[in-house]
Amino acid sequence: MQKKQIQPFDVIVIGAGPAGYSSAIRCAQLGLKTACIDNWHNEKGRSSLGGTYLNAGCVASLALLESAKIYHSLNHNLKQHGIQADAVTADITLMMQRKNNIIETLSRQIADLFAQHKITCIQAKAKLLNERRVEITPADRSPSSIIGAKHIILATGSSPVDLPGAQIDNAFIIDSGMALNLDAVPKRLAIIGAGVIGLELAGIWSRLGAETILLEAQETFLSMTDQQIAREAYRIYTEQGLELRLGARVISAKKGNKKVTVEYQDSEGTHALRVDKLIVASGRKPNTENLAAAEADLLLDENGYVYVDENCRSNLPGVYAIGDLTLLGPMIAHKGIEEGLFVAEQIAGLHNPINYDLLPSVVFTEPEIAWVGQTEQALRAMGEPIKIGVYPLKATARAQALGQTEGMVKIIAHAETDALLGIHIIGTQASEMIAEAVLAMEFSASSEDLARTIHAHPTLAKALHGAALALKTRFST
Ligand code: NAD
């Protein structure tokens with residue numbers, strides 16, 4: 001049967017996560033006739049723009065972490081403020097509703113932006129047929145059709161990897177998306193993987209009262225992070241009550257009698273652990289399965305990432321891939337957003353490349369971890385001459401007033417040129433403080449520039465100023 005043909009677009013974006021929706025909006029702003037196709041459905045079967053990031057990732061996680069922090073703080077920190085409260089309880093159903101309301105609001109905002117920018121939003125599953133054509137199959141099983149465009153942007157994101165031996169049933173052995181939708185606090189919870197997702201989920205459920213054990217295969221904690229900061233994080237999380245078992249590789253997980261038995265190996269042998277729920281947070285993979293028809297000849301690597309050049313161009317002329325689909329940078333939302341804008345501008349004839357070296361990273365735990373640039377261990381391995389300034393958060397009046405004194409700012413600068421090479425923060429609101437560090441490095445600031453910049457007092461950002469001053473005994477004249 002002949003498939004229905006729709007008038008061609010300048011650009012079709014496949015996927016409405018942060019990379020895709022940002023790209024579609026920028027394309028439209030630049031005068032391109034744009035369509036965005038997405039097939040996300042929430043648990044009620046309703047379509048929702050925003051992808052994993054909004055619906056089952058970052059935003060959902062942040063919303064729940066805020067609730068968990070309030071609950072934990074009311075139960076543990078009131079006395080020091082001279083405040084008394086009767087027993088504080090948590091209603092997980094209401095907490096989830098608040099989180100869902102936030103998701104709905106933000107998703108609606110994306111839909112409104114699409115409408116304002118006259119972007120054609122198509123709720124369907126898309127398949128790349130060739131460099132100009134996409135097949136769309138609506139979720140309601142109405143007949144599929146084909147749409148065409150001069151440019152196609154692939155932005156379908158990623159999903160959790162399966163762990164052989166730990167079959168997800170989303171009742172007892174659950175994935176990271178389901179872990180943001182539980183209806184009760186598990187008494188004893190194990191998490192496979194002490195990566196970013198594992199730690200963020202642990203921060204939520206342990207604060208709500210779950211005894212939480214993280215099983216991490218690597219011996220080194222947070223190996224991508226500056227190791228001085230990682231050691232501090234390990235100490236703080238452990239003191240908060242998280243049980244972090246490093247060098248512990250999970251080999252199987254079986255459910256029975258409403259419990260999960262997790263088997264793992266470490267240097268001392270094989271161990272078994274019985275828990276009420278097990279979260280698998282052992283990494284993510286790009287969503288490229290069935291993304292392109294075999295005849296399209298889209299080039300993927302052996303792990304399913306789309307092969308792209310430094311301009312996010314795939315092997316097919318006019319077809320780009322952005323966000324979690326490529327190995328151009330880590331799987332973080334703002335990398336995808338920047339690539340979305342970059343590709344839209346390229347299509348419109350502009351060229352504003354991304355500085356991947358200055359991509360900030362954030363771990364949304366409490367305290368938060370945030371960094372930009374290089375770690376001390378990487379710089380030492382390269383033999384760079386460096387100098388380091390460290391300033392503890394507890395030395396700032398603001399941290400004392402907040403009662404959140406854990407953490408530090410660490411600045412690494414070139415020993416001879418004084419150029420900023422890496423800024424690493426652990427502490428409350430590190431995610432906000434890192435913006436100043438990124439800006440300074442984007443403008444090639446020296447540590448002296450930071451030290452000479454006037455910071456409002458008393459603020460947490462004074463710790464950045466303090467670390468920059470710690471690098472200097474005398475300013476050059
Ligand atoms: P990850 O790779 O950061 O961590 C997964 C961890 O699981 C690894 O440390 C790995 O050693 C461990 N692991 C794997 N198999 C194991 C096993 N059998 N037993 C024990 N441990 C095992 O992956 P993630 O935390 O799932 O996150 C996926 C991606 O999403 C990452 O790139 C992450 O940066 C990104 N992300 C970023 C943010 C953020 O920016 N705040 C938030 C969420 C996710």
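Mentor: Before the site itself, a word on elements: helices (H or I, at least four residues) and strands (E, at least two) are DSSP runs, numbered from the N terminus. The model is predicted, so local features need pLDDT of at least 70 and side-chain atom pairs count only at pLDDT 80 or more, while totals for chains, interfaces and linings use all residues. Residues are numbered from 1 along each chain as its sequence is written, and side-chain values use heavy atoms, with hydrogens and water left out.

Trainee: What about backbone atoms, say of V250 and A217?
Mentor: A backbone N or O atom of V250 lies 2.9 Å from a nitrogen atom of the ligand, and for A217 the corresponding distance, also to a ligand nitrogen, is 3.0 Å. V196 has a backbone N or O atom 3.3 Å from a ligand oxygen.

Trainee: How much of the ligand does the protein cover?
Mentor: The protein covers 80% of the 850 Å² of accessible area that the ligand has on its own, computed by the Shrake-Rupley method with a 1.4 Å probe.

Trainee: Switching topic, is N55 buried or exposed?
Mentor: N55, which is found in helix α2 (residues 51–55), counts as buried because its relative accessible area is 11%, where buried means under 20%, exposed over 50% and partly exposed in between (1.4 Å probe, protein chains only).

Trainee: What does the N55 side chain pair with?
Mentor: The side chains of N55 and S48 are joined by a polar contact of 2.6 Å; such a contact is a pair of N or O atoms within 3.5 Å, and within protein one must be able to donate a hydrogen and the other to accept it, with residues adjacent in sequence counting only if both atoms are side-chain atoms.

Trainee: Last one, where is R274 found?
Mentor: R274 is in strand β13 (residues 269–275) and, at 44% relative accessibility, counts as partly exposed. Its C-alpha atom is separated by 5.6 Å from that of V260, 14 residues apart along the chain.
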